[in-house]
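Visitor: I am new to this structure. Please pick out one part and take me through it closely.

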Amino acid sequence: MGQEGNQDTIMSDDHNNGVDKKSNPTLTLLPLIALIFYEVSGGPFGVEDSVKAGGGALLSLLGFTIFPIFWSIPEALVTAELATSFPKNGGYVIWISSAFGPFWGFQEGFWKWFSGVMDNALYPVLFLDYLKHSLPIFDELYARIPALLAITILLTYLNYRGLHIVGTAAILLAGFSLLPFVVMGMLSIPKIRAKRWVSVDFKKVEWRGYFNSMFWNLNYWDKASTLAGEVQDPSRTFPKALYGAVILVVCSYLIPLLAGTGSLDSDSSKWSDGYFAEVGMLIGGSWLKWWIQAAAALSNLGLFEAEMSSDAFQLLGMSEIGMLPSVFASRSKFGTPTISILCSATGVIFLSWMSFQEILEFLNFLYAIGMLLEFAAFIKLRLKKPDLHRPYKVPLKTFGAMMLCVPPSVLLVLVMCLASARTFLVTGAVVVLGFILYPVIIHAKNKKWAHFLSSDDVNSCDRDVEDEDQDNGMVHIADEAEVSLLSDTSSSKTEKIYEILPEGVSKSE
């Protein structure tokens with residue numbers, strides 16, 4: 001963590017092997033809440049399918065009431081404990097590495113990055129899908145393809161300009177995206193009939209689509225952990241931000257669903273992507289319809305920005321602990337990981353040709369595998385490192401922590417079991433690719449085909465700004481998962497291993 005005064009990052013000297021000094025943490029509470037909100041939700045756009053797949057309002061309303069209790073809250077609690085214990089960019093990659101070693105840490109990073117890039121490929125497409133209702137030209141390939149490229153390039157540039165811009169934009173976009181639904185909820189009150197909320201036709205229930213919709217709209221609580229190194233006072237800010245985001249996400253789903261399903265007699269088959277615009281027109285008029293359409297389009301931009309930030313800083317974090325070449329850790333003058341951003345943007349462009357449902361099921365499956373590993377790491381670290389410095393700790397003993405992870409793990413397995421054969425094939429290929437890439441990267445490091453950061457490189461930057469970190473009330477925590485994870489096999493016997501003491505002070509042994 002270093003100085004970013006006037007948004008300029010001080011570059012390190014040659015003795016630091018070209019490693020950029022880290023920028024001062026720039027994310028405060030409100031921008032972090034907004035980024036988590038966009039990582040997970042972005043508003044009620046897309047939840048319409050849950051009414052259709054659930055055969056009516058009842059299962060949709062129950063889902064967004066019950067699923068957060070058994071899924072969102074446990075994942076948020078686990079994220080809060082581990083993100084504050086390892087306040088480094090890279091997030092869950094470091095957690096898994098600390099619990100199970102660098103091989104599984106790398107696999108986690110690869111799965112989550114691939115899943116995130118697939119997720120991000122949806123948003124420029126969805127943005128144009130909303131616009132084409134008013135501007136049909138974007139339904140034509142000759143206009144659609146250049147528009148997709150232009151949107152991706154513009155949003156990538158905004159990401160490059162810094163997290164302070166991304167965080168501020170997320171706050172403004174969240175306010176604009178949610179306000180029309182507050183208005184719609186107020187206007188719907190006189191028209192609401194409670195009996196409409198309990199309507200359900202089990203013959204129309206499509207369980208696979210229902211669970212995928214619930215899962216997609218309520219996952220990614222852990223993504224913001226990859227930005228932990230950019231958060232001011234993460235031990236206090238992260239838990240508060242996660243709690244705030246959980247409340248915001250659940251309300252952003254339930255209020256529009258209660259308003260729409262309670263005030264209209266619409267058949268459940270009409271509830272598909274974009275139907276909230278029609279609901280707005282029926283409740284408030286054409287002006288509300290246009291407002292909701294504009295909010296939906298802009299919400300996709302916020303989703304893109306938040307996802308790209310997390311994906312890029314995850315690659316930066318993996319580079320800082322030696323899992324990727326040092327080029328991924330290089331920062332721009334704005335403190336952003338330039339190469340990592342470009343790598344994520346390239347992945348988005350290549351994946352944007354896939355259909356919405358294909359991307360949704362593929363990324364859900366990869367995300368489910370990664371989350372099972374995270375829950376396992378949470379339990380393993382409770383057993384392996386009971387004295388780990390945990391600024392925030394889930395108020396449960398080890399057995400209680402295990403029970404906390406059971407309901408979401410069951411949901412994860414259920415989502416995976418409902419996947420199609422094609423999803424098993426595609427995600428299986430991604431998993432195999434990750435297994436192949438790990439030894440290839442180790443070989444490249446041993447042969448010095450690329451420069452990888454060592455613990456000396458990272459610690460040199462940390463020492464240069466140690467006084468500044470202490471002024472911010474932050475303590476540098478070193479762990480075997482955070483230094484030279486991909487060390488040469490020939491030097492493994494002499495590699496320094498660090499343990500975390502209860503006081504958070506690192507000791508070499």
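Visitor: Which residues have the most contacts inside the largest nonpolar core?

Guide: Inside that core, Ile 36, Trp 71, Met 184, Trp 221 and Phe 276 have the most contacts. The core has 145 residues. A nonpolar core is a set of buried Ala, Val, Leu, Ile, Met, Phe, Trp, Tyr and Cys residues joined through side-chain atoms within 4.5 Å. Buried means under 20% relative accessible area, exposed over 50%, and partly exposed in between, with a 1.4 Å probe and protein chains only. Helix H14, residues 356-384, gives the most to this core: 16 residues. Helices (H or I, at least four residues) are DSSP runs, numbered from the N terminus.

First, some ground rules. The model is predicted: local features need pLDDT of at least 70, side-chain atom pairs count only at pLDDT 80 or more, and totals for chains, interfaces and linings use all residues. Residues are numbered from 1 along each chain as its sequence is written, and side-chain values use heavy atoms, with hydrogens and water left out.

Take Met 184. Leave aside its neighbours within four places in sequence. Met 184 is then in contact (heavy atoms within 4.5 Å) with Pro 256, Ala 259, Phe 276, Val 279, Gly 280, Ile 283, Leu 288 and Ile 292. Phe 276 is also on the list of residues with the most core contacts.

Now the rings. The whole structure holds 28 aromatic pairs. Rings of Phe, Tyr and Trp (its six-membered ring) pair if their centres lie within 6.5 Å; planes under 30 degrees apart count as stacked, over 60 as edge-to-face and the rest as tilted. Phe 67 and Tyr 210 are an edge-to-face pair, 6.4 Å centre to centre with 85° between the planes. Phe 67 lies in helix H3 (residues 57-85) and Tyr 210 in helix H9 (residues 207-217), so this pair ties together parts 143 residues apart in sequence. Both residues are buried.

Tyr 92 is buried at 0% relative accessible area. Trp 95 is buried as well, at 0% relative accessibility.

Lys 112 lies over the face of Tyr 92, 4.2 Å from the ring centre. The test is NZ of Lys or CZ of Arg within 6 Å of the ring centre and within 35 degrees of the ring normal.

Note on methods: Helices (H or I, at least four residues) and strands (E, at least two) are DSSP runs, numbered from the N terminus.
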